[in-house]
Amino acid sequence: MSQSVSNTAPWDQPFLPPALEWDGASRTLLVDATNPWITDFERDPAHDFSPDYATTRAWFDRLDAASDLIRIEPFGTSPEGRPLYAVIASRDGATLDPAKPVLLAQAGIHPGEIDGKDAGMMLLRDIAFGDKGDLIDHANLVLIPILSVDGHERASPYSRPNQRGPRIQGWRNTGTNQNLNRDFMKLDQPEMRALRTFINRLNPDLYLDIHVTDGMDYQYDVTYGFNGEFDAYSRSPASSAWLDDVFKPAINDALEAAGHIPGPLVFGIDDQNPRAGLNDGGLGERFSNGWGSAAHIPTVLIENHSLKPYEQRVLGTYVFMEASLRLLADQVTPLRSAITADRALRPAEIPANFEPDPVPHQTRTFKGVLYETYASPASGRQEVRWLGRPDPVEWQLPYYGSRPSLSLHRPTAYWVPAYRTDLIERLRLHGLAMETLEAARTVSVEMLHLNDPTLAPRPNEGHVPARVSDVTPMIRDWTFAPGSVRVPTDQPLGDIAVLLLEPQSSESFFAWGMFPEVLSRVEYIEGYAIAPLAEAMMAADPALKAEFEAKLAADPAFASNAEARLGWFYERTPFYDDRYRLYPVAREN
């Protein structure tokens, strides 16, 4: 029996919602085929193509050779051996003038979300050989076209099913299957270590991290945000105020004038009910915007809308970068004053471990898209079907922010033992100032006993995360070996030291499972030894006997567990390992 077979698989047929109609003025930024510096994105008839790593680098090399305004600066190497590089547009030559503000625009931390690369190629072309050369008269542009270069080369049409273009996309994670946008604090990956070293050297005045979002459909094509928006907490309040009061209005005006619809960086809280409300997506320091707030580098997270055509997203990104560069040149003095004020802050208490607030902060006007629901035979439930038409009536949606679930006290300093060279290296990469011991030193410090540490049931980003909610501080005289470091918190990056070194912080080295050694017991005692010893202890110490009996009465599970009962006595003998669950990083108060 013959059977008709389609030559095209279902996943090669259109299955995304229809795109909203768009014909923005920013299309005039595209050059035609007669321009010798046309990009592959512009050359593609559908404007739905992004070149591979080698082709991109060859184009930039040619631009560098042809223009004195453009130079390429390598800053690292990927795990698969590809050079990481930035492209710099400046009139300053080999050394940037520190009086000029620097805009750092980073693309491809998630390589499937590569809008910033193609927009940056066009903008650099226009600076070098077009009508945008004035952009670098009073500011400098540094573009990282592809950060996750190995993930960029794991390219196919099947990388991001929720995203409309480019038709060949890179992979979200690196060649070692790590998500670089979760590595801003722990600094596991070579790409992020190289980036941090480069940023410390560059000291940018504004940092744009360019992504493409997922989630619900809406009218906005360029959404963006920063920590401190919508009255949220910021570790850099002066910079956040500048971003809110000066940057956001200017960027919105520029995008709207070019035919785009800028919007806030928000996320739907319920995929099945688009009108249920919005949230901020979290404020963690493992992300660029959270780290930037803690490091006092004004950082804007751009999330172009995945359901908009690639051409529309790339052109919106061009407008965003151009407007940012113009604004920097005009606003360098007030922005740098804000950064200076933020870097002088030394809060005694540091809010941490942000979680979704169950109570909405406010009601926000939202430009929604019409939709309907239908019964899906695949899922067996009602699914949302977006209709590709703007809702003429703006939505009024509850907005849920984030709130801290923990407050961390700022000590005078931390002491990190010499054997943790891996952590000391990460702290140095962050740019933290520290004292390194040349000889052993005994100091009075506060050590922490971890009372209830637990390990996550599954790995995350190459680690098995750990968590501890209760610690017991104790004062001890501790001898630190040569090579140990003292990290004072009275420095601009002191908040980062606290967040990394307090074990209860969800961004800490401990939380990422980097202290497994303190969770392992080494010595034990047999029942035939501890039982008679426990009986003798009760006979010699009536108070201890009373404490034990009170626990029996209060805790039936403990009372019925012979091993737990004997363990209770063992912990109160000098045989018990007093370094079991003792956190090896000490506080100096």
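Of the 589 residues of the chain, 54% count as buried. Buried here means under 20% relative accessible area; exposed is over 50%, and partly exposed lies in between, with a 1.4 Å probe and protein chains only.

Some ground rules. This is a predicted model, where local features need pLDDT of at least 70 and side-chain atom pairs count only at pLDDT 80 or more, while totals for chains, interfaces and linings use all residues. Residues are numbered from 1 along each chain as its sequence is written, and side-chain values use heavy atoms, with hydrogens and water left out.

Overall numbers next. The C-alpha atoms fill a box of roughly 95 × 70 × 50 Å along the principal axes. The chain exposes about 25200 Å², and carbon and sulfur atoms supply 53% of that area. Areas come from the Shrake-Rupley method with a 1.4 Å probe; for residues, only the protein chains shown count as cover. Charges: 54 positive and 81 negative, with mean positions 1 Å apart. Lys and Arg count as positive, Asp and Glu as negative; His and the chain ends are not counted. Each charge is placed at NZ of Lys, CZ of Arg, CG of Asp or CD of Glu.

Contacts: take those between residues at least 6 apart in sequence, and 79% join residues at least 24 apart. Contact means heavy atoms within 4.5 Å.

Secondary structure comes to 14 helices and 24 strands. These are DSSP runs numbered from the N terminus: helices are H or I with at least four residues, strands are E with at least two.

Two strands pair if DSSP finds at least two bridges between them.

Look at the strand 7 end. Strand 6 (residues 222-225) pairs with strand 7 in the parallel sense, over 3 bridges. There, V222 stands opposite P262 of strand 7.

How many of its residues are buried? 8 of the 8, so helix 7 is largely enclosed by the rest of the structure. Among them are W291, N289 and S293. The cover includes helix 5 (190-202), strand 5, strand 10, helix 8 (310-343), helix 9 (421-430) and helix 10 (494-501).

Most residues other than glycine have a negative phi, and most peptide bonds are trans. N177 is not a glycine, yet its phi is positive, about 60 degrees. N177 sits in the loop between helix 4 and helix 5, and is partly exposed at 48% relative accessibility. N203 also has a positive phi, near 50 degrees. N203 lies in the loop between helix 5 and strand 5; it is partly exposed, at 41%. Then a cis peptide bond: G165 to P166, omega about -5 degrees. P166 is in the loop between helix 4 (149-153) and helix 5.

An open sheet of 4 strands, order 8-9-15-12, mixed pairing. Strand 8 (267-268) and strand 12 (362-366) are the edges, each with a single partner strand, so one side of each has no neighbour in the sheet. Strand 9 (residues 278-279) and strand 15 (residues 395-400) run parallel, joined by 2 bridges. N279 has Y400 of strand 15 as its bridge partner.

Last stop: Y399, in strand 15. Buried or exposed? Y399 is buried, with a relative accessible area of 3%. Leaving aside neighbours within four places in sequence, its contacts include F230, V266, L278, H361 and R364. F230 is 169 residues away along the chain, but the two C-alpha atoms are separated by 9.5 Å.
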